[in-house]
Amino acid sequence: MSLGKDLASIRKELGLSLEEVQSSIKIPLLTLKSIENDSIFDSTEHNNIYIRSFIRSYARALKLNDEDIVKALDDIEAGIYQNDLINADEDRKSIEAEQRKPKEETPFSLDNVSPPEIQHAPIQSKPDVESVNWADLGKTFALKEQASKNWFLFIIVFFIVALLVLGFYYRQEIVGLFDFSEPQISEPITNTFPTPLAEESETPDSLVNEVIPPDQEEVIQPPQPIENRNQLLTRSITSLDSVLTVSVYAAFEKLEPVRVTSDLNGRTNPFWMEQGEAYNFDFNDTLLVRGQYSRMLLLFNGHVINNPAQQFYDPNFDSILLTRSIFNDPKYLEPAPSEFPYEVGPPDSLVYRIGY
């Protein structure tokens, strides 16, 4: 029994194409195809957590019940899946159709309706001028006026305290409202890159990416200055390594902070980066990056990853989701251009923030 074929059958019944599903949930088309042909379960590029997340996102795009898809995934892992997803979808449709049927209304009849009993209020004598206690009446008005003033003062104090609390938590954003300066980003330079660096140029050892064994703790190296800012130091590669490295570059303003999660340890760490700094991060199959996207550039092997927030943002993780499959593109294996494609220039310093 095939979970992928069941999902494909439901998708076709809804009249949706794979491209429409991909546009809705931003999961690569190859991944969606691997879900429908069940090859994703044999994939070595993604661990079980990401496989389940991709399939649940796909199922939600088909308006399927999340509990049903979780049960189906559990049954797949246990080897007992028997087209339960199709059956659950048909049961749901039957229940919805039953609920849409108009209910039979009982005809209204006045035969058994009796008029309500009318209770008359007791007659009260009208007060005259002599019967009114003017002293008590004055005290009542004074108390009501004082109570109104107290409530008014309470509301004013409450709003002042609320504004102070909000101002404290959002002080950075409030300051940013009065900063009218915008970072000037030039268009990427095309067809004007000079000749790549000669082979005799040497890369300083302090800037070469090192792969640190996973049993070691976090290693923090001091920032290393880049002598020639027109040259982003990289190495020429012919294929992807088992451990990949992406650089987060605070190109246009400082990052306060940027949060990075690598599948090598599963932890989310915040990093405060000054403008001009670049941090290297290792990962195996998946790297999550969350922060002020308009202030940063992401680089792989010296190449700028174009529009990552538009291309690779995943709402399930509220982050940019970078996977190994992205960097199978041959352009990322080529040597980086010797001229940085943005006016802001390459990083002032490069920090190998975490090695695994």
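## Exercises on a predicted model

In the protein, residues 24 or more positions apart account for 73% of the contacts that have a separation of 6 or more, a contact being heavy atoms within 4.5 Å. The model is a predicted one, in which local features need pLDDT of at least 70 and side-chain atom pairs count only at pLDDT 80 or more, while totals for chains, interfaces and linings use all residues. Residues are numbered from 1 along each chain as its sequence is written, and side-chain values use heavy atoms, with hydrogens and water left out.

**Exercise 1. Describe how helix 2 and helix 3 pack against each other.**

Two packed helices are described by the angle between their axes and the distance between the axes. Here the axes come within 10 Å and cross at roughly 120°, where axes are lines fitted to C-alpha atoms, for helices over the stretch in contact, and angles run from 0 to 180 degrees between N-to-C directions. Helix 2 and helix 3 are therefore oblique to each other, given that angles under 35 degrees count as roughly parallel, over 145 as roughly antiparallel, 65 to 115 as roughly perpendicular and the rest as oblique. On the side of helix 2 the contact is made by Leu18, Glu19, Val21, Gln22 and Ile25, and on the side of helix 3 by Leu29, Leu32, Lys33 and Glu36. These residues divide into five nonpolar, one polar and three charged, with Ala, Val, Leu, Ile, Met, Phe, Trp, Tyr, Cys and Pro counted as nonpolar, Asp, Glu, Lys and Arg as charged, and the others, Gly among them, as polar.

**Exercise 2. Decide whether Thr31 is buried or exposed, and find what Thr31 touches.**

Thr31 is placed in helix 3, residues 29–36, helices (H or I, at least four residues) and strands (E, at least two) being DSSP runs numbered from the N terminus. With 11% relative accessibility, Thr31 counts as buried, a term that means under 20% relative accessible area, against exposed for over 50% and partly exposed in between (1.4 Å probe, protein chains only). Leaving aside residues up to four places away in sequence, Thr31 touches Ile40 and Phe54.

**Exercise 3. Classify the ring pair of Phe158 and Phe159, then that of Phe271 and Phe281.**

Rings of Phe, Tyr and Trp (its six-membered ring) pair if their centres lie within 6.5 Å, and planes under 30 degrees apart count as stacked, over 60 as edge-to-face and the rest as tilted. By this rule there are twelve aromatic pairs. The ring centres of Phe158 and Phe159 are 5.9 Å apart with the planes at 75°, so this pair is edge-to-face, and both Phe158 and Phe159 are exposed. Phe271 and Phe281 form a tilted pair, at 5.1 Å centre to centre and 55° between the planes. Because Phe271 lies in strand 4 (residues 268–273) and Phe281 in strand 5 (residues 277–283), the pair ties together parts that are ten residues apart in sequence. Both Phe271 and Phe281 are buried.

**Exercise 4. Where do Lys26, Asn307 and Pro257 lie?**

Most residues other than glycine have a negative phi, and most peptide bonds are trans. Lys26, in the loop between helix 2 (18–25) and helix 3, has a positive phi near 60° and is partly exposed, at a relative accessible area of 39%. Asn307, in the loop between strand 8 (303–304) and helix 9 (308–311), has a positive phi near 45°. Pro257 is found in strand 3 (residues 255–262), and the peptide bond from Glu256 to Pro257 is cis, with omega near -15°.
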